[in-house]
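User: I'd like to learn how to read the features of a structure with you, step by step. Could we take the model below as our example?

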Amino acid sequence: MNLPATPTPDFTAQATLRAHIADTMAFYHPRAIDPDGGFFHYFRDDGSVYDRGHRHLVSSTRFVYDYAMAAAEFADSRHADAWRNAAMHGLRYLREAHRDPERGGYAWTLRDGKVEDATRHSYGMAFVLLACASGRKAGLPTAAWMDETWDLLERHAWDADAGLYRDEADAAWRYSGYRGQNANMHLCEALIAAHEAGGDARYLQRALVLADHMTRRQAALSGGLVWEHWHADWSVDWDYHRDDPKHLFRPWGFQPGHQVEWAKLLLSLRAHLGADAPDWLLPTARHLYDMALMHGWDPEHGGIVYGFAPESLRDASPAPGATPPDLASGTMFWCDADKYFWVQAEAIAAAWRLFDATGDTRYRDDYLRLWDYVWRHFVDHVHGAWFRILDRENRKFDDLKSPAGKTDYHTMGACHDVLAVMRGAHGRQLGA
């Protein structure tokens, strides 16, 4: 049983958030660095590596984000140079091992340095752009790689008629009929980061287009929330992975974690756009967040579940901006009641942004409640970092803390996001 070493710290203090980033980085550094190239991706709770030869594009890119953002945050610390060098080490691996120099794009997985799965995923390209943008924030020379990634997406993935990105192609850029929201959500995130890194307005404007089309136009087709899976004509695919609600990247059901993640992104766009921000951003963010917690919060064991079925929306749903009913009163239609680390982390960031944007103390209370929950159940107070997944009663399934795709990008990312809002870097302080 994971027992906190101390009471929950004050996560409204910048020093606490910074300390948590540093503590989490201490779990990964330097053991994550493979001197032969890139990073190791598979860690047990104690930090031991259990698969040294397999590489996943999502982890390869997210480790670059982790190191680059830590180097930028702690620029004056004794670790900054080592973390910046590690980020560059990871970027070189992306360019030399994952990237296809002839046809463009990045291999999804590698085994012992050789391509295992050459599928071109827009989800993966989103993280390539995020890695390059994060590297630029840390002072690395990645501007040309950002431009290259934008051009590659424009040439192959961008569906101008739909105003959204196609999802997956083979190595020859032949696209399947699957369309997904997750790739577009993370492209929105990466485009915002690219704008932050270099100030290029095209990135921010494209991010706004994605947000508008996914959280308003597409959500209107699926009951007012963001559905995961779509056909090639962007009609709702209600059946994709219906038999696999626990799929790592494409689960069936409404994902509370993605509703709150979109809420965070909408509020980030609103802060960046300032006086030019459209008036729908804040009420849509509130609606997505409020509905996610109304249908996803576990009133008995705490935390937010992974997924709920469309039947949940048969209940009366609050209008955008309205206060939801008491969390314990709704009918539960959970299709996966497990608790995932990233869902809680994204809700933390969204709750603080909503508190900052509205002054509504309900969101501050949520922020503190979520931190208390993860401090008691998800943070590993023995070895560091967060556990990946717990069952509904907050019990671990195994000792595989960080398999491919994790890397604590979400958990440290939430801290970076909250810190930025607290500092007014891309958000306003209450009362300012």
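User: Let's start with contacts. Which residues is His-20 in contact with, leaving aside its neighbours within four places in sequence?

Analyst: Contact here means heavy atoms within 4.5 Å. By that rule, and with neighbours within four places in sequence left aside, His-20 is in contact with Phe-11, Trp-371, Trp-375, Val-379, Trp-386 and Cys-415. Before we go on, a word on the source: this is a predicted model, where local features need pLDDT of at least 70 and side-chain atom pairs count only at pLDDT 80 or more, while totals for chains, interfaces and linings use all residues. Residues are numbered from 1 along each chain as its sequence is written, and side-chain values use heavy atoms, with hydrogens and water left out.

User: Thanks. Where is the place of His-20, and is the residue buried or exposed?

Analyst: Helices (H or I, at least four residues) and strands (E, at least two) are DSSP runs, numbered from the N terminus. His-20 sits in helix α1, residues 14-28. For burial, under 20% relative accessible area is buried, over 50% is exposed, and anything in between is partly exposed (1.4 Å probe, protein chains only). His-20 has 6% relative accessibility, so it counts as buried.

User: Now the core. Which residues have the most contacts inside the largest nonpolar core?

Analyst: The general idea is that in soluble globular proteins, nonpolar side chains tend to be buried together. A nonpolar core is a set of buried Ala, Val, Leu, Ile, Met, Phe, Trp, Tyr and Cys residues joined through side-chain atoms within 4.5 Å. The largest one in this model has 139 residues, and Tyr-289 and Tyr-367 have the most contacts inside it. Helix α10 (residues 341-358) gives the most to this core, with 13 residues. Looking around Tyr-367, and not counting residues up to four places away in sequence, you will find that it touches Phe-11, Thr-12, Leu-17, Ile-348, Ala-351, Trp-352, Val-418 and Met-422.

User: How many residues of helix α9 are buried?

Analyst: α9 is mostly covered, with 15 of its 16 residues buried. This helix covers residues 281-296 and reaches 22 Å from its first C-alpha to its last, close to the 22 Å expected at 1.5 Å a residue. The expected span is 1.5 Å times one less than the number of residues.

User: On to sheets. In what order do the strands β3, β4 and β5 stand, and what is the pairing?

Analyst: Strands of a sheet pair through backbone hydrogen bonds, either parallel or antiparallel. Two strands count as paired if DSSP finds at least two bridges between them. These 3 strands form an open sheet in the order β3-β4-β5, with antiparallel pairing. β3 (54-56) and β5 (114-117) are at the edges with a single partner strand each, so one side of each has no neighbour in the sheet. β3 pairs with β4 (residues 109-111) over 3 bridges, and His-54 stands opposite Arg-111 in β4.

User: What is the strand order in the open sheet that contains β13?

Analyst: The order is β12-β13-β14, again an open sheet of 3 strands with antiparallel pairing. β12 and β14 are the edge strands, each pairing on one side only. Strand β12 (residues 305-308) is joined to β13 (residues 334-340) by 3 bridges, with Phe-308 opposite Trp-334 and Gly-307 partnered by Asp-336. On the β14 side (residues 389-390), β13 has 2 bridges, and Tyr-340 has Ile-389 as its bridge partner.

User: Last topic: how many salt bridges does the structure hold?

Analyst: Side chains of opposite charge can pair when their charged atoms come close. The rule for a salt bridge is a side-chain nitrogen of Lys or Arg within 4 Å of a carboxyl oxygen of Asp or Glu. The structure holds 36 of them. In one of these, Lys-396 and Asp-45 meet at 2.4 Å, N to O. Lys-396 lies in the loop between β14 and α12 (409-422) and Asp-45 in the loop between β1 (42-43) and β2 (49-51), so the pair ties together parts that are 351 residues apart in sequence. Lys-396 is partly exposed, with a relative accessible area of 40%, whereas Asp-45 is buried at 8%.

User: Which helices does the salt bridge between Arg-353 and Asp-417 tie together?

Analyst: The side chains of Arg-353 and Asp-417 meet at 2.9 Å, N to O. Arg-353 lies in helix α10 and Asp-417 in helix α12, so this pair links parts 64 residues apart in sequence. Both residues are buried. There is also a network of salt bridges to look up, linking Arg-286, Asp-290, Asp-360 and Arg-362.
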